[in-house]
Amino acid sequence: MKNSVKLKGRMKSYLQSSLYLGFLLVAVDILIYFIDIRAGLVLSCFIIFYLAIILSLMFYNKPIIINELISFATQYGQIQRRLLRDLDLPHALLDENGKIIWTNIAFEKAVDKEKGYRKSITSLFPSITKDRLPGSIEEEEVEFDVDFEERNYIARLKKISLKEMAENSDIIEAKDYDGYLIALYLFDETALKIALQEVDDQSLAVGLIYLDNYEEALESIEEVRRSLLIALIDRKVNKYIAALDGICRKMEKDKYLVIMKKKSVSLLQENRFDLLEDVKTVNIGNEMAVTISIGVGLSGLTYAQNYEFARNAIDLALGRGGDQAVMKMPENVIYYGGKSQQIEKSTRVKARVKAHALKEIISIKDEIYVMGHRMGDTDSFGASVGIYRIAKTLGKKAHIVLNDVTVSMQPMVDMFRNNSEYEENMIVNGTQALEMIGSNAVLVVVDVNKPSITECPELLKHCNSIVVFDHHRQGSEVVENATLSYIEAYASSTCEMVSEILQYTSDTMRIRPEEADCLYAGIMIDTDNFMAKAGVRTFEAVAFLRRNGADVTRVRKLFRDDAIEYKTKADAVSQAEIYRQSYAITVCRGEHVQNPTIVGAQAANELLNIKGVKASFVLTEYNGKIFVSARSIDEANVQVVAERMGGGGHLNMAGCQLECDIKDGIAIVKRTLDTMIEEGELS
């Protein structure tokens with residue numbers, strides 16, 4: 001850095017005033033020459049003598065004056081430095097690279113360092129890195145929230161240009177100054193944050209607790225002991241909430257309202273809502289363990305908003321199968337539990353009510369559109385065919401929205417496209433549906449409750465009346481403002497639900513053999529040939545379909561594998577890695593297979609036949625993405641695993657899509673499993 005120090009401003013003008021006066025005398029002397037030459041000569045001699053004295057004094061006194069000024073500035077700077085040194089506000093100066101070059105006493109106390117500490121500021125505050133300093137970025141001043149030991153600070157950093165400092169001086173002039181310093185101030189926010197945290201901890205949270213299987217549990221014990229079971233559950237719930245300094249009041253026979261502090265919710269989170277497991281221990285001879293669902297709303301702007309959050313949370317918990325807790329906040333939703341299979345409801349009252357509601361909705365509409373999820377499978381297509389039959393029985397126009405038809409689905413679709421008994425526009429794609437749909441239409445969404453993965457998400461925006469039928473557990477993303485929603489996580493498939501609804505829609509309901517085959521196939525595939533989630537109502541639905549012409553032999557022929565697919569599936573199973581002695585992970589190489597994702601799902605089912613395997617994960621590369629098929633029997637909840645990776649599904653059947661290569665995909669699956677095992681979500 002090269003310095004050239006000169007006087008400037010008023011000081012420069014003051015010291016040069018005598019010279020300016022000499023120039024004025026020269027001008028006067030010239031005028032006098034016109035009046036009297038002798039007087040002009042005398043004045044000229046005086047001016048020469050005067051200028052000589054003035055110039056000699058200026059050149060001699062200038063260094064002395066500058067030295068005196070610098071000496072004064074130094075003394076003044078020492079006073080300023082002493083004031084900054086003793087300032088109560090922690091203050092430090094950094095160079096361009098973030099290295100500390102000066103600190104005051106308050107800063108040294110704040111960071112517990114001795115005078116002369118000259119390391120990088122990053123060594124004290126790791127979040128303040130070189131690339132985030134003023135000068136490295138466009139901002140001249142930045143702020144960070146930083147912590148040191150148990151104290152919280154706001155660190156304010158400001159760029160100070162050395163050239164600007166010199167230019168702003170009123171006494172001396174500096175040229176060729178470059179570079180800059182960074183001034184750092186620390187503002188202690190510890191007390192404020194503690195106070196805000198205390199206020200936040202004392203804010204109220206609202207919770208709702210529902211007994212999932214109240215009626216079923218009571219029916220499993222003697223009548224004289226039912227009141228005792230209810231009393232024990234009440235005592236368990238009330239005692240648990242009271243220990244958290246909360247209030248619990250019973251609203252109905254199987255519903256509780258809970259009011260507690262937000263800090264108490266943190267304790268619930270730390271214990272991972274162990275009330276879910278505690279209630280299951282209540283047993284006085286009942287064959288069926290009682291399970292509960294918990295919905296908690298917090299961090300809302302008002303108590304009413306927290307209550308609304310709690311209602312949304314309990315709806316999510318029930319929609320996901322119960323036996324779990326859901327916390328809803330303005331910015332996110334957190335899930336706990338959900339490790340138990342939902343108990344199948346023996347009563348069909350709900351199915352009958354939903355069937356009549358669907359009939360009323362369809363009766364007042366001109367046309368019906370039925371849509372499943374992307375890359376439709378047998379369950380979504382079979383359910384779509386069932387809804388189509390309901391609409392035609394009621395004398396309405398109906399269309400099934402289907403874009404891409406997979407190879408495994410092609411035989412089922414061809415049964416209708418090449419059949420003169422059905423209209424040519426029975427099956428349309430998403431673009432055609434958007435062009436055809438009128439203002440008085442109803443859209444029925446089957447086998448999916450996430451708008452983003454439906455066959456045509458834009459179609460949802462064009463319909464004021466939407467109906468949802470699904471058997472998957474609900475997630476945070478749901479179809480908004482549905483006129484009718486029937487989501488039952490205990491159902492084996494959507495085809496089972498639609499088969500029940502068919503029986504209550506009309507007394508004259510008659511379905512054709514090919515339609516019965518589609519519904520039967522959907523149930524058979526989703527239950528893995530009636531080996532998973534097949535309950536009493538599943539077989540009752542199948543019996544209804546058999547009476548209407550469903551043929552087991554025809555359905556079996558529809559889903560036979562060719563030799564290449566069979567070998568690909570066998571290869572995936574043979575290459576499986578048993579991770580952590582419980583989780584089978586493998587890759588399905590489907591380069592020569594037309595439908596690799598389906599083969600991958602079949603391989604995931606096959607892996608569950610290995611002893612000791614709690615869950616299986618098969619990764620398949622398809623269309624530039626990695627499709628992960630996750631399956632389990634009853635020891636692991638693969639839905640929550642898939643949700644961690646951005647997907648979803650059911651307790652024992654889920655999946656997700658990853659945008660990476662196979663190697664990274666396997667690493668993501670393993671990392672997710674490790675994290676969930678450490679957190680206690682998986683064992």
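This is a predicted model: local features need pLDDT of at least 70, side-chain atom pairs count only at pLDDT 80 or more; totals for chains, interfaces and linings use all residues.
At 25% relative accessibility, C660 counts as partly exposed, and C660 sits in the loop between β25 and α24 (662–679).

**C660 and its surroundings**

- Once neighbours within four places in sequence are set aside, C660 is in contact with I626, G665 and I668.
- Between C660 and V326 there are 334 residues in sequence, and their C-alpha atoms are 30 Å apart in space.

- Helix α17 (residues 494–505) has 12 residues and reaches 16 Å from its first C-alpha to its last, which is close to the 16 Å expected at 1.5 Å a residue.
- Most of α17 is covered, since 10 of its 12 residues are buried; the buried residues are T494, C495, E496, M497, V498, S499, E500, I501, L502 and T505.
- Two packed helices are described by the angle between their axes and the distance between the axes.
- For helix α17 and helix α19 (residues 536–547), the angle is about 60 degrees and the axes are 9 Å apart, and α17 and α19 are therefore oblique to each other.
- The crossing in which α17 passes α19 is left-handed, and the contact is made by E496, S499, E500, L502 and Q503 on the α17 side together with R537, T538, A541, F544 and L545 on the α19 side.
- By residue type, the contact of α17 with α19 divides into 4 nonpolar, 3 polar and 3 charged residues.

**Helix α18 and its cover**

- Helix α18 (residues 513–526) has 14 residues and reaches 20 Å from its first C-alpha to its last, close to the 20 Å expected at 1.5 Å a residue.
- Because 12 of the 14 residues of α18 are buried, this helix is largely enclosed by the rest of the structure.
- The buried residues in α18 are E514, E515, A516, D517, C518, L519, Y520, A521, G522, I523, M524 and D526, and what covers them includes α13 (378–393), α14 (410–417), α17, α19, α20 (552–558) and β25 (653–658).
- One of these covering elements, α14, crosses α18 at roughly 160 degrees, with the two axes coming within 10 Å; that makes α14 roughly antiparallel to α18.
- The passage of α14 over α18 is a left-handed crossing, in which M412, M415 and F416 of α14 meet E514, E515 and C518 of α18.
- The residues of the contact of α14 with α18 divide into 4 nonpolar, no polar and 2 charged.
- After α18 comes D528, whose phi is positive, near 50 degrees.

- A351 is placed in helix α12 (residues 349–363), and at 1% relative accessibility A351 counts as buried.
- A351 and E500 are 149 residues apart in sequence, yet 6.6 Å apart in space, C-alpha to C-alpha.
- N152 is found in strand β5 (residues 151–161), and with a relative accessible area of 18% N152 is buried, because buried means under 20%.
- Residues up to four places away in sequence aside, N152 touches V146, D147, F187, D188, E189, T190 and K193.

**Aspartates with positive phi**

- Most residues other than glycine have a negative phi.
- D112 has a phi near 55 degrees, a positive value in a residue other than glycine; D112 lies in the loop between α4 (105–111) and β4 (141–148), and with a relative accessible area of 56% D112 is exposed.
- D447 likewise has a positive phi, near 65 degrees, and its place is in the loop between β17 (441–446) and α16 (457–461), where D447 is buried, with a relative accessible area of 2%.

Conventions:
Residues are numbered from 1 along each chain as its sequence is written. Side-chain values use heavy atoms; hydrogens and water are left out. Axes are lines fitted to C-alpha atoms, for helices over the stretch in contact, and angles run from 0 to 180 degrees between N-to-C directions. Helices (H or I, at least four residues) and strands (E, at least two) are DSSP runs, numbered from the N terminus. Angles under 35 degrees count as roughly parallel, over 145 as roughly antiparallel, 65 to 115 as roughly perpendicular and the rest as oblique. A crossing is left-handed if the near helix is turned anticlockwise from the far one by less than a right angle, and right-handed if clockwise. Contact means heavy atoms within 4.5 Å. Ala, Val, Leu, Ile, Met, Phe, Trp, Tyr, Cys and Pro count as nonpolar, Asp, Glu, Lys and Arg as charged, and the others, Gly among them, as polar. The expected span of a helix is 1.5 Å times one less than its number of residues. Buried means under 20% relative accessible area, exposed over 50%, partly exposed in between (1.4 Å probe, protein chains only).
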